Amino acid sequence: MTDTVEVLEGFNTILMGASGTGKTHAIGTLVDTGLEVFYIPLESGTESLIGYYTDKGQPVPDNLHIHALYDGYLQLLTSLNDFTDNRTGEKFGPADTWGTDRVVVVDGLTGLNNFAMQLVIGGRAERTQTDWGVAQSYVMSLLRKLTDGCRCHFVLIAHVERETDLVLGGVKLTVSTLGKAIAGTIPPLFSDVVLTKKDVDKFFWSTAEANADVKNRNLPLKAGQAPSFAPLYQKWLERSKGMQSVEVADE
C-alpha cells in the first residue's frame, strides 16, 4: 500500500495591528474561501467575526468552527488535541493530523501570553526572570508546533509594540509578546506577516512598511491591500497545484 502525501505545507500568517484595525473581522474572508476554519478566541472579539455575517443578514457558515476557552494554556492544548465545536458539539481530533483543507486561527497572541504566564506564576503577583523565561518557552513551543509541526494552515492574530531593532537599529513595530527576547523570533516562523491598518472608516493590509517587521511570501509586497485572505489563499493554491503529491510506501 502507498499513501499520498502533500508536498506543500499550509500557509502560516500573522495579522498584527492596533486594536480596531479589523483583524478578527477579516477572518470572515478566510471562511469565505471555503476552508474549514477552526477559530480559538483567547481574547474578547468573537462578536466581530460573527458580525461579519449577521450584520449582513447571513447565517454563520457551517465551515466556521469555534471553541471558546474558559480556562488557560492547558485547556488551549486540550482544544488543539481534540477540537470541539461549541455550537454543534462535533469533535474533529488533533490539529497535527489535519491537512491543508483546514486552518487553525488563534486570536490572539496577547491572550496566549497571559495564559502562559498564568500557568507559570499561578496566583503570585510577582514575576521573576525565571518566570518570564519559562512562560516565553511555552509561547514559543506552541507557535513552533503550529507552524512547523502541523500541515494545516495557521493564522495568528496579534497586537503590536514598538521594539528596538538590535540588528539594523532604529525602532520597529512588531508583535506584542512576553518581552523583547522572543519578539524578534516570532515573525520568522511565518510565511506572511501583515500589518493591519485603519484609515478613517476603511481597513487595509500592508506588507511594505519600513517601520514594521512585516513579511510576504503569498501576498504581494504592497501597502494599501484589501483586508482579505482570498489573494493569499489563491496564491498558495497556485503553488500547491504546481507541486505534485508524492506517494510513500507503508512499512
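Mentor: In this predicted model, a network of salt bridges links Arg124, Glu126 and Asp131.

Trainee: What makes the pair Arg124 and Asp131 a salt bridge?

Mentor: The closest N and O atoms of Arg124 and Asp131 are 3.2 Å apart. The cut-off is 4 Å between a side-chain nitrogen of Lys or Arg and a carboxyl oxygen of Asp or Glu, so the pair qualifies.

Trainee: Are the two partners buried, partly exposed or exposed, and how do you know?

Mentor: Asp131 has 7% relative accessibility and therefore counts as buried, the limit being under 20%. Arg124, at 33%, counts as partly exposed, because that class lies between 20% and 50%.

Trainee: How many salt bridges does the whole structure hold?

Mentor: A search finds seven. Among them is the one between the side chains of Arg102 and Glu36, at 3.1 Å from N to O.

Trainee: Why is the pair Arg102 and Glu36 said to tie parts together?

Mentor: Arg102 belongs to strand 5 (residues 102-107) and Glu36 to strand 3 (residues 36-41), so their bridge joins parts that are 66 residues apart in sequence. Arg102 itself counts as buried, because its relative accessibility is 16% and the limit is under 20%.

Trainee: Why is the pair Asp201 and Lys202 also called a salt bridge?

Mentor: Their closest N and O atoms are 3.7 Å apart, and the cut-off is within 4 Å, so the pair is included. Asp201 counts as exposed because its relative accessibility is 63%, and the class requires over 50%. Lys202, at 48%, is therefore partly exposed.

Trainee: Which residues form a nonpolar patch on the surface?

Mentor: Leu74, Leu77 and Leu119 form it, with about 240 Å² of accessible area together.

Trainee: Which residues touch the most other members of the largest nonpolar core?

Mentor: Of its 43 residues, they are Ile14, Met16, Leu109, Leu112 and Leu143. A second, separate core has 28 residues, including Leu8, Val37, Tyr52 and Trp236.

Trainee: What is Leu109 in contact with, beyond its neighbours within four places in sequence?

Mentor: Its contacts include Glu43, Val139, Leu143, Ile157 and Ile186.

Note on methods: Residues numbered from 1 in each chain as written. Predicted model: local features only at pLDDT ≥ 70, side-chain atom pairs only at ≥ 80, totals over all residues. Heavy atoms only, no water. Core = buried A, V, L, I, M, F, W, Y, C linked by side-chain atoms within 4.5 Å. Buried < 20%, exposed > 50% of the residue type's maximum accessible area, 1.4 Å probe, protein only. Contact = heavy atoms within 4.5 Å. Patch = residues over 30% accessible without salt bridge, like charges linked within 9 Å, V, L, I, M, F, W, Y side chains within 5 Å. Areas by Shrake-Rupley, 256 points an atom, 1.4 Å probe, with all protein chains shown as cover. Helix = DSSP H or I, 4+ residues; strand = E, 2+ residues; numbered from the N terminus.
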